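Have a look at the model first.

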Amino acid sequence: MTDTKTHTLRDATASNPNAVSVRIEPKTMSRAKFQRRHDFRIGAQPVYVDGDRTELNRPLMPLRPLPDIQQENEALRLRAGRTRKMKSNAAVVTVGIITFGHRAQEAFNRLPDERQDRAFKELAHEIAVQLKTSLEALVVHLDETAIHAHFTLRAYNDDGEPISNATRLGDMSALQYLAAEVMQRFAPEIERGNRKKARLKAGADYPDTLHRTVKQLRADLPQEKATLEAEIEAISLELSDQKASVEKTHRHLRKLEAKAELTEKEIKRKETYSQRLEKKQAAMAEDMKRLETRQASLETAMAQEAEAIEKEKQAV
């Protein structure tokens, strides 16, 4: 059995299977709660989690209560002179995940557990330092398809600025270099991923920057599917909560609208409920779009997996 194409380390047109990758994303309070339940296996978990292996997961630091982190965010904003009240949907934490290409994963798996933990700790702490914030949680997962680590940062930096500003291309690129630099202290084979722009400049066809070899797909897709399934479940739970909240606001409005006459207080209350309802419905619409996007991505991943399996059969 052979792959459709074999990439070498020197092939600048290819994605890098020797790479470590870091992704970060801001989370509101409700989304942070779900992420924490997922990261630390609190309550029911998605079907792709192997419950027989969950005890092998390694929490690497104690958790700090989310309300405490939120209060610290508010204090940092005030100290920076931001007197405007924080929005109810403002991020409380920034969550991150550290993953590996299939060859980097093989190299990392050869390290003893204590070396793996030290590598994850050093990288998570150095990311926090680079973004000028604090590390709030770190856990290694071994009960899914591939080893990876989830970390949580305070959503505001020491200057009272949101970490979401670090999602700019230059800052994210710097994080990838940092990830490679730290991991190379423990496994020299691990590298930074090839950037799509650089691959195109080196002569890669654009479709090749999107489509991977059969071997790469078989190695990468399980984790990608797991991430998408977790996101879909999280958004679905949020939508359920939002629906209940919208219905509650609707009930309050209907009671006021049923009255023949309203007092001045009731008129103001009705306006407040109307504004809340509009915001809640807008948030629901946004989350519905997010859900549809994730579901479409999951369908694409599943189709790619089926195609990869078929190609493997044909290659035998």
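## The sheet and its neighbours

In this predicted model, six strands come together as an open sheet with mixed pairing, and their order is S2-S4-S5-S3-S1-S6. Strand S2 (58–59) and S6 sit at the edges with a single partner strand each, so one side of each has no neighbour in the sheet. As a general point, strands of a sheet pair through backbone hydrogen bonds, and they can do so in a parallel or an antiparallel way.

On one hand, S1 (residues 19–27) pairs with S6 (residues 191–192) in the parallel sense, over two bridges. On the other hand, S1 runs antiparallel to strand S3 (residues 93–100), and eight bridges join S1 to S3.

Which residues face each other across these pairings? Here are some of them, going out from S1.

| Residue | Opposite residue | Strand of the opposite residue |
|---|---|---|
| Val-20 | Arg-192 | S6 |

Now for the helices. Two packed helices are described by the angle between their axes and the distance between the axes. Helix H1 (residues 29–39) and helix H2 (residues 66–79) have axes that come within 11 Å and cross at roughly 140 degrees. That angle makes H1 oblique to H2. The crossing of H1 past H2 is right-handed.

What do the two helices touch with? From H1 there are Met-29, Ala-32, Lys-33 and Arg-36, and they meet Leu-66, Pro-67, Ile-69 and Gln-70 in H2. Sorted by class, this contact has five nonpolar residues, one polar and two charged.

Finally, how far can you trust the picture? The protein has a mean pLDDT of 80, and 80% of its residues reach 70 or more. Residues 1–14 stay under 50, with 28 contacts beyond four places in sequence in the model. Residues 195–200 also stay under 50 in pLDDT, and there the model has 17 such contacts. Where pLDDT is low, the predicted coordinates should not be read in detail.

Note on methods
Residues are numbered from 1 along each chain as its sequence is written. This is a predicted model: local features need pLDDT of at least 70, side-chain atom pairs count only at pLDDT 80 or more; totals for chains, interfaces and linings use all residues. Side-chain values use heavy atoms; hydrogens and water are left out. pLDDT is the predictor's confidence in each residue, from 0 to 100. Contact means heavy atoms within 4.5 Å. Two strands pair if DSSP finds at least two bridges between them. Helices (H or I, at least four residues) and strands (E, at least two) are DSSP runs, numbered from the N terminus. Axes are lines fitted to C-alpha atoms, for helices over the stretch in contact, and angles run from 0 to 180 degrees between N-to-C directions. Angles under 35 degrees count as roughly parallel, over 145 as roughly antiparallel, 65 to 115 as roughly perpendicular and the rest as oblique. A crossing is left-handed if the near helix is turned anticlockwise from the far one by less than a right angle, and right-handed if clockwise. Ala, Val, Leu, Ile, Met, Phe, Trp, Tyr, Cys and Pro count as nonpolar, Asp, Glu, Lys and Arg as charged, and the others, Gly among them, as polar.
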